[in-house]
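Q: Could we go through this chain together, step by step?

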Amino acid sequence: MHNKPPTKTATGRFRTALIVDDHPLFCDALSMTLKSVAGISHIDTAESLDAAMEHIAQNGPPEIIVLDLNLPDVTGLDGLVRLKAVAGTVPIVVVSSMSESRMVCSTINAGAAGFVPKHSQRPVFRAAFETIGAGDVFLPEGVVLTKTAEQPVNDQSETVERLALLTRQQSRILQLICEGRLNKQIAYELSIAETTVKTHVTAIMRKLGVQTRTQAVLIAQMASFSNVLRETDKPD
């Protein structure tokens with residue numbers, strides 16, 4: 001089991017961070033930047049999402065996580081949701097070259113504490129960490145958080161957000177539905193009553209905004225989400 005997530009210092013500064021990025025030179029440069037502008041004293045790095053998950057499993061969560069969206073073992077918002085599932089309340093700030101407004105809004109809507117374009121100057125990183133340390137969400141200059149028709153969230157991003165609403169048990173059940181299991185089989189495998197399975201299935205369909213099990217499976221397949229469903233760890 002992990003220790004409780006560490007708390008920030010009284011000033012709102014972060015003391016420990018985990019950078020998840022597969023470019024060693026960028027990790028080195030970002031580490032120096034964060035130590036300089038954000039006062040972070042201890043920084044670990046991981047070159048893939050799996051490495052980051054393993055690091056958290058072994059060492060507990062840091063006080064803040066810096067995540068690139070493009071990693072060798074994951075692309076897009078899948079990695080953010082998977083990392084949030086194991087990091088608990090730890091803020092995750094996305095640092096990415098994919099910084100168009102739609103992606104920024106999708107990232108924040110999926111649970112990121114902030115978004116910093118990858119090639120930002122030091123003052124931007126300083127402002128981002130001060131904002132997040134104060135408990136607010138940081139957006140790049142000129143980006144307005146919206147989910148309107150003018151800046152629609154793309155389908156896959158919307159799917160990721162909906163799947164992130166599922167509890168751990170609901171995620172397990174949806175995974176088994178995707179594998180073609182019937183309610184009776186799911187009840188047997190999870191050692192719960194069939195009526196409980198039916199209740200969860202109803203809740204799953206409501207959260208995903210669908211009417212049938214088949215539609216729920218299509219939603220999960222749309223996001224290529226088998227790994228996320230297994231690792232989602234919201235309390236039941």
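This is a predicted model: local features need pLDDT of at least 70, side-chain atom pairs count only at pLDDT 80 or more; totals for chains, interfaces and linings use all residues.

Q: How many helices and strands does the chain have?

A: The chain has 11 helices and seven strands. Helices (H or I, at least four residues) and strands (E, at least two) are DSSP runs, numbered from the N terminus.

Q: And what percentage of the residues count as buried?

A: Of 236 residues, 48% count as buried. Buried means under 20% relative accessible area, exposed means over 50%, and partly exposed lies in between (1.4 Å probe, protein chains only).

Q: Which residues of H5 are buried?

A: In H5, Phe-125, Ala-128, Phe-129, Ile-132 and Gly-133 are buried. They cover an arc of only 125 degrees around the axis, so they lie on the same side of H5; the arc is that of the directions from the helix axis to the C-beta atoms.

Q: Which residues are on the other side of H5?

A: Pro-123 and Glu-130 are exposed on the other side of H5.

Q: What do the buried residues of H5 pack against?

A: Their partners are helix H1 (24–37) and the strands S3 (64–67), S6 (92–96) and S7 (114–117). Contact means heavy atoms within 4.5 Å.

Q: New topic: at what angle do H7 and H9 pack?

A: Helix H7 (residues 168–178) and helix H9 (residues 194–208) pack at about 90 degrees, with their axes 10 Å apart. Axes are lines fitted to C-alpha atoms, for helices over the stretch in contact, and angles run from 0 to 180 degrees between N-to-C directions. H7 and H9 are therefore roughly perpendicular to each other, a term for angles of 65 to 115 degrees.

Q: Which residues of H7 meet H9?

A: Gln-169, Gln-170, Ile-173, Leu-174 and Ile-177 of H7 meet residues of H9 including His-200, Val-201 and Ile-204.

Q: Lastly, where is Asp-73 found?

A: Asp-73 is in the loop between strand S4 (70–71) and strand S5 (74–75). Its relative accessible area is 29%, so Asp-73 is partly exposed.

Q: What does Asp-73 touch?

A: Leaving out residues up to four places away in sequence, Asp-73 touches Ser-48, Leu-49, Asp-50 and Arg-82. The C-alpha atoms of Asp-73 and Leu-49 are separated by 6.5 Å, although these residues are 24 apart along the chain.

Terms used: Residues are numbered from 1 along each chain as its sequence is written. Side-chain values use heavy atoms; hydrogens and water are left out. Angles under 35 degrees count as roughly parallel, over 145 as roughly antiparallel, 65 to 115 as roughly perpendicular and the rest as oblique.
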